[in-house]
Amino acid sequence: MIEDLQDEIQNEQPQKTKKTHRKGWFLFIAFLVWIVYASIIILAFLPNMIKAVRQSDIVHVLENREELKNAAQTREARLCFAIPKSDGSSTYVLCSQRVRKTGASVYHDAIEGLLAGPGPEALAVGAISFIEEGTSLIGLTVSANTAFVNLSEAFTSSGSSWGPNGLDTAIRQIHKTLLAIDPSIRNVIVLVDGNELTV
């Protein structure tokens, strides 16, 4: 009797395997049919979809969104650059330029923008920066109408290729940039690595 049961179980197992294989093939074929159907639908309606996207002007909307995002991460600042003259003197020009928001004060952002150098508007009028490339802002504080601007050691080489007044011109760029933000600033004290710079 036990042997008969074992024979019945062995006879049923191959039938289950055949059913599983049939079900797997059916699902695979159904999947292929679905892919072919979806592809035909996409190809049939693709020209209409492209036309609809172009008419909806969604690309322009996305570009404007990117511009708004960039505008939120920057601010407009008036930065002072110098136009050197043949006699060794300089004239100063304030140019509008977008500067990166650092999360600090507007003074800080403007000086960071000044250290980054002139933008297209300044270059178009022949303005340059006398501030040595590679100068970094260590700190900036405005208190009692006095601005304390702490810069890295590189600042001491500012304007060296423009003669003895080069460093003074670089300091005036900082002063005039801060005055453009806040006309009540009377004094600008430039520090280099925490020590007051004497010209």
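1. Ground rules. Keep in mind that this is a predicted model, with local features needing pLDDT of at least 70 and side-chain atom pairs counting only at pLDDT 80 or more, while totals for chains, interfaces and linings use all residues. Residues are numbered from 1 along each chain as its sequence is written, and side-chain values use heavy atoms, with hydrogens and water left out.

2. Overall make-up. The protein has five helices and six strands, where helices (H or I, at least four residues) and strands (E, at least two) are DSSP runs numbered from the N terminus. Read from the N terminus, the order is α-α-β-β-α-α-β-β-α-β-β. Of the 199 residues, 27% are buried; buried here means under 20% relative accessible area, exposed means over 50%, and partly exposed is what lies in between (1.4 Å probe, protein chains only).

3. Surface and contacts. The protein exposes about 13600 Å², and carbon and sulfur atoms supply 58% of that. The areas are Shrake-Rupley values with a 1.4 Å probe; for residues, only the protein chains shown count as cover. Taking contacts between residues at least 6 apart in sequence, 58% join residues at least 24 apart, a contact being heavy atoms within 4.5 Å.

4. Helix H5. This one covers residues 166–181, 16 residues in total, and spans 23 Å from first C-alpha to last, close to the 22 Å expected at 1.5 Å a residue. The expected figure is 1.5 Å times one less than the number of residues. Its buried residues include Leu 167, Ile 171, Ile 174 and Leu 178, along with Gly 166 and Gln 173. What do the buried residues of H5 pack against? Their partners are strands S1 (74–84), S2 (90–100), S3 (137–143), S4 (146–151) and S5 (187–192), plus helix H3 (106–116).

5. Helix H3. H3 lies across S3 and S4, at about 140° to S3; axes are lines fitted to C-alpha atoms, for helices over the stretch in contact, and angles run from 0 to 180 degrees between N-to-C directions. Two of its residues deserve a look. His 108 belongs to H3 and counts as buried because its relative accessibility is 17%. Outside the four places either way in sequence, His 108 touches Thr 102, Leu 137 and Leu 140.

6. Leu 114. Also in H3, Leu 114 counts as buried because its relative accessibility is 0%. Setting aside neighbours within four places in sequence, Leu 114 contacts Leu 79, Cys 80, Phe 81, Ser 129, Ile 131, Gln 173, Ile 174 and Thr 177. The C-alpha atoms of Leu 114 and Ile 131 are 8.5 Å apart, with 17 residues separating the two along the chain.

7. The four-stranded sheet. Which order do the strands take? The open sheet runs S3-S4-S5-S6, with mixed pairing. S3 and S6 (195–196) are the edge strands, each pairing on one side only. Two strands pair if DSSP finds at least two bridges between them. S3 and S4 are antiparallel over six bridges, whereas S4 and S5 run parallel, also joined by six bridges.

8. Around S4. Five of the six residues in S4 are buried, so the strand is mostly covered. Asn 150 of S4 stands opposite Gly 139 and also opposite Leu 191 in S5. Ser 143 stands opposite Thr 146 in S4. In the S3 and S4 hairpin, which has two residues between the strands, Ala 144 takes a positive phi near 50°.

9. Ser 90. This residue is in S2 and counts as buried because its relative accessibility is 17%. Beyond four places in sequence, Ser 90 touches Ala 82, Ile 83, Pro 84, Lys 85, Phe 130 and Thr 169.

10. Cysteines. How many disulfides turn up in a search of the whole structure? The search finds zero, a disulfide being a pair of cysteine sulfur atoms within 2.5 Å. The sulfur of Cys 95 is 8.4 Å from the closest cysteine sulfur, that of Cys 80, which is too far for a bond. Cys 80 is buried at a relative accessible area of 0%, and Cys 95 is buried at 2%.
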